[in-house]
Amino acid sequence: MRSISPSIVHWLCSNCGNPAQASVVPVGGSGGKSVTLQSCRAVLVVRVIDAASTHDLRNRVLRGGRGHDGFPEDAWPETLHLGAVDDDVIVGVATFVPRDDGWWQLRGMAVEPSRQGEGVGRAILADGDRHLRSVGASGVWANARDTALGFYERAGWVVVGDGYVLVDLPHHRVEHEL
Ligand SMILES: CC(C)(COP(=O)(O)OP(=O)(O)OC[C@H]1O[C@@H](n2cnc3c(N)ncnc32)[C@H](O)[C@@H]1OP(=O)(O)O)[C@@H](O)C(=O)NCCC(=O)NCCS
C-alpha cells in the first residue's frame, strides 16, 4: 500500500485565532480528510539567524533599551545565533560562542516580554543543545542573572560556585554537559 505523507497547511489556531498549522492526512478511498489542528504555539520555529537580528531583543530585554551594539564574538564565523520565530516575528534569541575545551558560552538569552513563560526560552535551549551536539561540543555555560537561575535549572543546567556581580546585577555561573 502506498503511504501518503501528511501535508502541512496554514490554518488558524482554534484557541486564539493566530496562524497555526494543521496536518491534513488523507484517509479513506474517496478523498476524505482527517484534520488535526495544532495550537499556534506548536508551530514556533527555532532557526539560525544573523547577529543583527538578535540586537533588538537583547537591547529591549537585557539592556533596558539603553542601546546595544553587539558582542565582540557576534561576527566570529563559528558563533551560533538562534531565534525563535513565530509567524515571521522573532520572539526569542540566544547566541552560542565557542570557548576552550569544547565548551561553548551562551550569551544574550532574551525572550519578548509578552511571550515569556510560554516555553520559548526552553525551545531555544533545546535547539542550542541539538546544534552544539552536532558539532561535538562538550558542554555549554553562561553567566546567568540570579533572577533567571530557575529557568536554567528547569532545563537541567546546574548552578556552579559562588555568585558575582556583572553589570551591577547578581549572577551565578550555570552549566550543562552535553
Ligand atoms: C529567562 C527567560 C530567557 C526564560 O524564557 P521563557 O521563554 O520566559 O521561559 P520558558 O517559558 O521556556 O520557561 C521554561 C521553564 O522555566 C521556568 N522559568 C522561566 N523563567 C524563569 C525564571 N526567571 N525563574 C524561574 N523559573 C523560570 C518556567 O516556569 C518553566 O518552568 P516549567 O518547566 O515548570 O514549565 C525569559 O523569561 C527572559 O528573557 N527573561 C528576561 C531576560 C533574562 O533574564 N534573560 C536571561 C539572562 S541570564
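Which helices and strands each supply at least two residues of the shell around the ligand?

## The ligand shell

That list has five names on it: α1 (55-62), β7 (103-111), α2 (120-134), β8 (139-145) and α3 (149-154). Keep in mind that we're looking at a predicted model here.

In total, 19 residues surround the ligand. Gln-116, Gly-121, Arg-122, Gly-150 and Phe-151 come closest.

## The fold

Zooming out, the protein chain is built from 3 helices and 10 strands. Reading from the N terminus, you get β-β-β-β-α-β-β-β-α-β-α-β-β.

Of the 178 residues in the protein chain, 20% are buried. Take the contacts between residues at least 6 apart in sequence: 50% of them join residues at least 24 apart.

## A look at Leu-44

Leu-44 sits in the loop that runs between β3 (32-37) and β4 (45-48). Is Leu-44 buried or partly exposed? Leu-44 has 19 C-beta neighbours inside 10 Å, so it counts as partly exposed; the buried class takes 20 or more.

What does Leu-44 touch, leaving out residues up to four places away in sequence? Its partners are Ala-84, Asp-86, Val-120 and Ala-123. There's also Asp-87, which is 43 residues away from Leu-44 along the chain, with 7.9 Å between the two C-alpha atoms.

Technical notes. Residues numbered from 1 in each chain as written. Predicted model: local features only at pLDDT ≥ 70, side-chain atom pairs only at ≥ 80, totals over all residues. Near = placed C-beta within 6 Å. Helix = DSSP H or I, 4+ residues; strand = E, 2+ residues; numbered from the N terminus. Buried ≥ 20, exposed ≤ 12 C-beta atoms within 10 Å, placed from the backbone. Contact = placed C-beta atoms within 7 Å.
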